[in-house]
Structure formats: structure tokens, C-alpha cells
Amino acid sequence: MILHFNHVSGGTSAKSLGDLTGLVVGSIVSQVEQGTVDARLLSSLRVHLDWVHYKHNFREAVSVRRATRSDGRALALAEIAVDLRQADPARLGQDLADALRAVDPDIEAGPGDAVRLEDFTPLRLSIIWHFNRLFWEQLEAWESAAGHRYELTAPSVQADASHPQAVADSVGDFWTLLRDLEARGQLPDEVFALEIGSGSGGRAAAWLDRFKALDQTCGTGYYARLRFLLGDCSEATLKRALAAVAAHAPAVSVLAIDALNPFRTLSYLRSKVLYVHLTNVYDNLAFDEMVRRDGRLYLVETRAYVSANAADRLQSEFGVTREQLPAMARQLCERGPEAVSPGEPGILFWRALWDALRLEERLRAIDEADEAHVPPELTRSHLDDLLAEAPEDVRFHVSRGAAESFANTLPLLHPRGFLQVQDIFVTSMEQYRQGFRGPGKLDGSIVTWVNGPLLRAVGARAGYDVHFAPFRYRPESKATILYTTPRP
């Protein structure tokens, strides 16, 4: 048995973590000594101790991952994952005993009498992304039931998005670029700037206020040339953003944009946009996860489920039986809460089901020739480059959505333009060994860290260097700023 300490700090003391770790090891050893578990199973078992910092997530306190060949046949490798944050010392022994029995390949895998909502599938294709899309489509209904705006669920992240000094520095960088272009006789008559992911519109409003004030102070006349484009996929957020930037209406256009492919909507601006900014967009786009164990590569496949206890609660509260749950979940995702039940009951069911949703995981071995997991614009060789800088045993994100969005935004940039992304990035593959990186639940949507080295590979292919700078404006911030420079 191999024990992985993936995280040894969190919101509890080192002593408490040590006590929980000792309880995990002691419980497993006890099961072997009692003969309730075949000791031979431990030879290929890995136990992962995590601290899942997201209060709401897709994990149970103790879960099992088994490995399969590409054709679905079982492999010896198995993992038990323990979330020390959720672990209840009073139940941990029994949870581990159940997990150890589930490791046996002769026993049907899965969390007890859970209700499965789908078959095993790569994470990027999971039903959770249908829930994520539904959240943004029906944002106002969700917020009405929640009693608060969605951005209040992560106030520190949102505060970072519109931090006054960060905004001021961003405006200063842009103004300096315009001044240099003017000095060279290269300043366009129309100066295009683009923000993807409007949110509440607060950052855009602050940026425009600052830019206008700086322009007036310096007497440069750039504001009159500015064409500021504000894009989002959510009608509700665009409506709010439009209200927030009302003072700058003549300079602003609000657009419905698919974050995965901004170029599709804005192809007429190829090579014309001098500044592109995104905040907290990439962390909400679909991704895969991969695992390397003993030199072999596995794709994480998931299966969404609702535990037996949660299914019983849903039946008691909403009258939806266990047999009805899978079909009701599909109806909800395809047609919205009204398809489940008109009015408030449908929305409350949606919120309760999302809260109860968990992901069962398995590791599917990948054939060398299989490139289905590789994001657009990249090849298996790029993935090999990432692995070359990664630890030998590692689990990491393949940020497909972020890579696709990034690749489909770069063609919009003016030859002197730059792209700036403020988000939660892993900036080196080694960081994947330093703690849980998602996914988590942020109100009704998904949040996860973004694989920065992967975007560096995308940028290099498109002729850009990708740099990462810490968000220095708030010491406790988890945000990082990505920015691009054209390669010579």
C-alpha cells in the first residue's frame, strides 16, 4: 500500500490532521489483521489523503477509484481517496472498511444503493456541465430562490476582479501601449478592447471610468476612439453589465459571446483588438483529468450519482422516486426547472439535486495512440511535454475549455495587442502535488483550477509567450494574472 499526502494543511490543526491520518492507517491495518480484507489487495492499493477546500464539491468523505483497461476490463490498481475535511472520526473506520471491500475487483463497484444519473464518461462529457449551462441560462431564477446574487458566494474572488489598483494598473498598461502606437504613427482610428465574461459589469465600469479619467487628465483623446466590447453567454449577466456601464454607453457594445469561440462572433475583428481581458471565465469551462501512476497514463472517467440517503430526502421533499430521478435530471438539464414542476417547486428541486450530486470515479488506461483527450490545437506530443515537467505520480487537469477559448481568442489580437486573464491557475505541474485543485461547486456552477502550462503550449503554437504574475494586490488572493507577449 502506498500512502499519498496530497495536502497536509487546511482549516484545522496539524495535530487533528495527524490524528485523522493515524486513524486512516490504523483502520486499514486493523481490517487486514482481522482477515476481513485480503492482504494481497493492498499490494496495488494507493490511499490518497486530501483536503478539499471547497465547502461544496462532488466528493464523499471516503471514495474508491478502480482502474480499467481501455476495453473496460479491470486492472489491479485501485485507490481510496479520503477527504480529511469531511472525514468524521466516528464513521471513518466503517467508511474505510466499506471502501476496502469495494476495492476487490470481484465486487461490483460504486457507492452502495446510489442512484446513477449516467454511465461512466470522460469528465468533460459529464452531466454536471449541463447543470453548469442551466445555471447561467436560468441565473435569475436560481438567485431568486437563493435570496442573493451569485457573486456573493465567493466575495474575495469577486473583490479581486474589480480591485481598484489592479484596474488602475491594467488601464495604465493599455494607455502606455496606445501612447507608444501613437508615437510610431500606428494608432488605429478605432481602438478596440474586449472583455469576455461580463459578470455584474462592475469591473468593466471601473475600467472605463479610470480610462476616461486618465485620458482627460493627459489630454490624449483616446477615449473618443475607444470601442469597448463586453461579451458573455448569459442574458441575465449581460443585462446587468449593460446597466453598470450605462455612463459609457456610446463607447460600449454588449454582445452574446460563446467563451469557447469568441472568434466565431468577432471574426470581423481579426488582428484588430488591442486588449482582451477575462476574469474568472476559464475556471468555469469543461476539462478532463488525467492520472499518471507507475509510468502509465489514465483518463479519469466519472459517473454522476445521488446517494441512497440523498435520494430518500428528495423523494420525501419532492415526491420524486429513485426510479424517476435519472429521467427527471435529464428533463431538468434539457428543458429547465419548469419541465420538472412549474414555479418555485421546480427551482427548489433543481437546487436540492445539485447539492446532492456526487461523482464516482474510475481510471481508464489510455492507449498510446488515443488522442481523444487532447484539446483542440494540441497533439499528444504537447501532452508529453507537460508530463516531462510533471512529477512521476500526478493527477492533473487537461483544461480543454480554457485551451480552446484561449486558442480562439488569440487571432483577434492586434500585432501589438495583448491578452490578460485573471483566474486561478496552476503555473507549474509540480503544484498538482500540493493540494486539491478542483472541481468544486460555486453556488449552482462549477469552479476548478486551470492548467497554466497547457495554455503556455497553446500560446507557443500560436506565436505567443505566456507569462504568469501573482495577484499582488491582496496577499491572501489565490488569483494569478496570465498575460501574453508576441514571440519575436
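This is a predicted model: local features need pLDDT of at least 70, side-chain atom pairs count only at pLDDT 80 or more; totals for chains, interfaces and linings use all residues.

Me: Is Thr-484 buried or exposed?

Reply: Thr-484 sits in strand β21, which covers residues 480-486. A residue counts as buried when its relative accessible area is under 20%. The value for Thr-484 is 3%, so Thr-484 is buried.

Me: Which residue has its backbone nitrogen 3.0 Å from a polar atom of the side chain of Thr-484?

Reply: Leaving aside neighbours within four places in sequence, Thr-484 is in contact with several residues, including Phe-406, Phe-418, Leu-419 and Tyr-464. One of these contacts, at 3.0 Å, runs from a side-chain polar atom of Thr-484 to the backbone nitrogen of Leu-419.

Me: How many residues are in the largest nonpolar core?

Reply: Among the members that touch the most others in this core are Tyr-282, Phe-406 and Leu-419. With its neighbours within four places in sequence set aside, Tyr-282 is in contact with residues including Phe-406, Val-421 and Leu-455. The number of residues in the largest nonpolar core is 56.

Me: Is Ser-267 buried or partly exposed?

Reply: Ser-267 lies in the loop between α9 and β10. Buried means under 20% relative accessible area, and exposed means over 50%. At 39%, Ser-267 is therefore partly exposed.

Me: How far apart in space are Ser-267 and Asn-408, C-alpha to C-alpha?

Reply: In sequence, Ser-267 and Asn-408 are 141 residues apart. In space, their C-alpha atoms are separated by 10.0 Å.

Me: Which helices do the buried residues of α4 pack against?

Reply: Helix α4 covers residues 139-146, and its buried residues are Leu-139, Ala-141, Trp-142, Glu-143 and Ala-146. After α4 comes Gly-147, with a positive phi near 80 degrees. The buried residues of α4 pack against α3, α8 and α12.

Me: What distance does helix α12 reach from its first C-alpha to its last?

Reply: Helix α12 has 13 residues, 344-356. Its buried residues include Phe-349, Trp-350, Leu-353 and Trp-354. At 1.5 Å a residue the expected reach is 18 Å, and α12 is close to that, at 18 Å.

Me: Why is strand β13 largely enclosed by the rest of the structure?

Reply: Strand β13 pairs with β3 in the parallel sense over 4 bridges, while 8 bridges join β13 to β12 in an antiparallel arrangement. Glu-361 in β13 stands opposite Arg-65 and also opposite Thr-302. Strand β13 is largely enclosed because, of its 8 residues, the number buried is 7.

Notes
Residues are numbered from 1 along each chain as its sequence is written. Side-chain values use heavy atoms; hydrogens and water are left out. Helices (H or I, at least four residues) and strands (E, at least two) are DSSP runs, numbered from the N terminus. Buried means under 20% relative accessible area, exposed over 50%, partly exposed in between (1.4 Å probe, protein chains only). A polar contact is a pair of N or O atoms within 3.5 Å; within protein, one must be able to donate a hydrogen and the other to accept it, and residues adjacent in sequence count only if both atoms are side-chain atoms. Contact means heavy atoms within 4.5 Å. A nonpolar core is a set of buried Ala, Val, Leu, Ile, Met, Phe, Trp, Tyr and Cys residues joined through side-chain atoms within 4.5 Å. The expected span of a helix is 1.5 Å times one less than its number of residues. Two strands pair if DSSP finds at least two bridges between them.
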